[in-house]
Amino acid sequence: MNLLLKITGVVLLIAGFILAFKPDLFGKSTPPIEPYQMIENRVKWGMLIGLGGFLIFYNSSASWSLTATVLLSALTIGIIIARLIGFILDGFFTKQLYWLLMELAFLLAMGLVYWKQKH
């Protein structure tokens with residue numbers, strides 16, 4: 001079962017990266033012309049990156065609250081990675097930087113919650 005979860009995680013991680021680089025791969029509509037909107041389209045695929053990373057690297061059967069904390073952290077890391085891909089491919093926007101800073105603050109908060117639960 002553990003191997004199946006890891007294989008699923010690898011598939012989700014690869015799919016997340018592919019869709020973060022080309023978010024309109026499965027879409028039938030034209031991609032948004034505004035680069036800010038394009039970054040937002042990339043960010044939603046960051047959830048796949050985070051979920052894949054969670055399935056690959058988290059192998060503890062600890063309490064549900066610890067698992068939920070790690071899952072939220074992994075999803076946030078995936079979103080941050082997708083947003084950084086958007087910065088590289090679509091350009092740098094101040095409003096996107098604010099979103100990135102909020103996500104980093106949330107990740108820091110989840111790290112503190114994780115640390116408190118472990119000690």
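This is a predicted model: local features need pLDDT of at least 70, side-chain atom pairs count only at pLDDT 80 or more; totals for chains, interfaces and linings use all residues.
User: What is the order of the elements from the N terminus on?

Analyst: The order is α-α-α-α.

User: And what does the C-alpha trace span along its principal axes?

Analyst: About 45 × 30 × 20 Å.

User: What share of the residues in the chain is buried?

Analyst: Of the 119 residues, 34% are buried. Buried stands for under 20% relative accessible area, exposed for over 50% and partly exposed for what lies in between, with a 1.4 Å probe and protein chains only.

User: Of the contacts between residues at least 6 apart in sequence, how many join residues at least 24 apart?

Analyst: 73% of them do. A contact here is a pair of heavy atoms within 4.5 Å.

User: Helix packing next. At what angle do α3 and α4 pack?

Analyst: Helix α3 covers residues 64–90 and helix α4 covers residues 94–118, and they pack at about 155 degrees with their axes 9 Å apart. The axes are lines fitted to C-alpha atoms, for helices over the stretch in contact, and angles run from 0 to 180 degrees between N-to-C directions.

User: Parallel or antiparallel, α3 and α4?

Analyst: α3 and α4 are roughly antiparallel to each other. The cut-offs are under 35 degrees for roughly parallel, over 145 for roughly antiparallel, 65 to 115 for roughly perpendicular, and oblique for the rest.

User: Which residues, by class, make up the contact of α3 with α4: how many nonpolar, polar and charged?

Analyst: The contact of α3 with α4 has 17 nonpolar, 6 polar and 3 charged residues. Ala, Val, Leu, Ile, Met, Phe, Trp, Tyr, Cys and Pro count as nonpolar, Asp, Glu, Lys and Arg as charged, and the others, Gly among them, as polar.

User: How do α2 and α4 cross?

Analyst: The axes of α2 and α4 come within 10 Å and cross at roughly 25 degrees. α2 and α4 are therefore roughly parallel to each other.

User: Which residues meet there?

Analyst: From α2, Tyr36, Ile39 and Glu40 meet Lys95, Gln96 and Trp99 of α4. By class, this contact of α2 with α4 has 3 nonpolar, 1 polar and 2 charged residues.

User: Where is glutamate 34?

Analyst: Glutamate 34 sits in the loop between α1 (2–21) and α2 (35–57). Glutamate 34 is partly exposed, at 49% relative accessible area. Its C-alpha atom is 9.2 Å from that of aspartate 90, which is 56 residues away along the chain.

User: And glycine 9, where is that found, and what is it in contact with?

Analyst: Glycine 9 is in helix α1 and buried, at 0% relative accessibility. Leaving aside neighbours within four places in sequence, glycine 9 contacts Gly52, Leu55 and Ile56. Serine 65 is 56 residues from glycine 9 in sequence and 21 Å away, C-alpha to C-alpha.

User: Last topic. How many aromatic pairs does the structure hold?

Analyst: The structure holds 2 aromatic pairs. Rings of Phe, Tyr and Trp (its six-membered ring) pair if their centres lie within 6.5 Å, and planes under 30 degrees apart count as stacked, over 60 as edge-to-face and the rest as tilted. Phenylalanine 54 and tyrosine 58 are stacked, 5.3 Å centre to centre with 20 degrees between the planes. Phenylalanine 54 is buried at 13%, and tyrosine 58 is buried at 17%. Phenylalanine 87 and phenylalanine 92 have their ring centres 5.2 Å apart and their planes at 55 degrees, so this pair is tilted.

User: Buried or exposed, phenylalanine 87 and phenylalanine 92?

Analyst: Phenylalanine 87 is buried, with a relative accessible area of 13%, whereas phenylalanine 92 is exposed at 56%.

Notes
Residues are numbered from 1 along each chain as its sequence is written. Side-chain values use heavy atoms; hydrogens and water are left out. Helices (H or I, at least four residues) and strands (E, at least two) are DSSP runs, numbered from the N terminus.
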